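Work through the exercises below with the sequence and the model at hand, and try each task before reading its solution.

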Amino acid sequence: MTTEEVAKKAVELVRKQAWYEALDTLYDNDIVSIEATAPDSRGKEAVRGKIDWWVNAMQVHSFTASEPFVAHDRFVVQYDADVTEKESKHKRKMSEVGVYTVKNGKIVREEFLPRII
């Protein structure tokens, strides 16, 4: 798959909140995942753990993903979510961009940059 094809498929899947399908079909086994407020994660199983945490910790009221911005081996997507933390019942809005690098038709790196409000 080209970077553009991977980007479009990634957006299609995350819009459906099909996090695990995206991981299983689009990510390289040695994926590096970088969050602004957490240690880096390496490998599919580490990313699967992040997805597990999200699914178990957040009630998602709405989730949107922009069309991807694509150039060379990278793409960027803006995400906006309205969520409630299940444990604390704290409701909040989140906005961030995901910056992805693609090699050999797979996502090898993702980095999330939050909007500071």
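**Conventions and a first helix**

In α3, the residues Lys-44, Val-47, Ile-51, Trp-54 and Ala-57 are buried, where buried means under 20% relative accessible area, exposed over 50% and partly exposed in between, with a 1.4 Å probe and protein chains only. The model is a predicted one, in which local features need pLDDT of at least 70 and side-chain atom pairs count only at pLDDT 80 or more, while totals for chains, interfaces and linings use all residues. Residues are numbered from 1 along each chain as its sequence is written, and side-chain values use heavy atoms, with hydrogens and water left out.

**Exercise 1.** Determine where the buried residues of α3 fall when seen down its axis, and compare the reach of α3 with the expected value.

*Solution.* Begin with the directions from the helix axis to the C-beta atoms, which define the arc. The buried residues of α3 fall within an arc of 165°, so they line one face of the helix. The face turned away from that buried side carries the exposed residues Glu-45, Trp-53 and Asn-56. For the length, take the expected span as 1.5 Å times one less than the number of residues; α3, with 14 residues, reaches 20 Å from its first C-alpha to its last, close to the 20 Å expected. Helices here are DSSP runs of H or I with at least four residues and strands are runs of E with at least two, numbered from the N terminus.

**Exercise 2.** Carry out the analysis of burial for α1, and check its span.

*Solution.* The 13 residues of α1 should span 18 Å, and its end C-alpha atoms are 18 Å apart, which agrees. Next, list the buried residues of α1, which are Thr-3, Val-6, Ala-7, Ala-10, Val-11, Leu-13 and Val-14. Seen down the axis of α1, these residues fall within an arc of 165°, so they line one face of the helix.

**Exercise 3.** Describe the largest pocket by its volume, its lining residues and their classes.

*Solution.* On a 1 Å grid over the protein atoms alone, a pocket is an open set of points where a 1.4 Å probe fits, with protein on both sides within 12 Å along at least five of seven lines, and lining residues have an atom within 4 Å of a point. The largest pocket has a volume of about 950 Å³, a volume being the space filled by probe spheres set on the points, which are joined across faces, edges and corners. Its lining comprises 33 residues, of which Glu-35, Lys-50, Trp-54, Glu-96 and Phe-112 lie nearest the centre. Strand β6 gives the most to this lining, with six residues. Sorted by class, the lining has 22 nonpolar, three polar and eight charged residues, where Ala, Val, Leu, Ile, Met, Phe, Trp, Tyr, Cys and Pro count as nonpolar, Asp, Glu, Lys and Arg as charged, and the others, Gly among them, as polar.

**Exercise 4.** Which parts does the aromatic pair of Trp-19 and Phe-63 tie together?

*Solution.* Rings of Phe, Tyr and Trp (its six-membered ring) pair if their centres lie within 6.5 Å, with planes under 30 degrees apart counted as stacked, over 60 as edge-to-face and the rest as tilted. A search of the whole structure finds five such pairs. The pair of Trp-19 and Phe-63 is edge-to-face, at 5.1 Å centre to centre and 90° between the planes. Trp-19 lies in helix α2 and Phe-63 in strand β3, so the pair ties together parts that are 44 residues apart in sequence.
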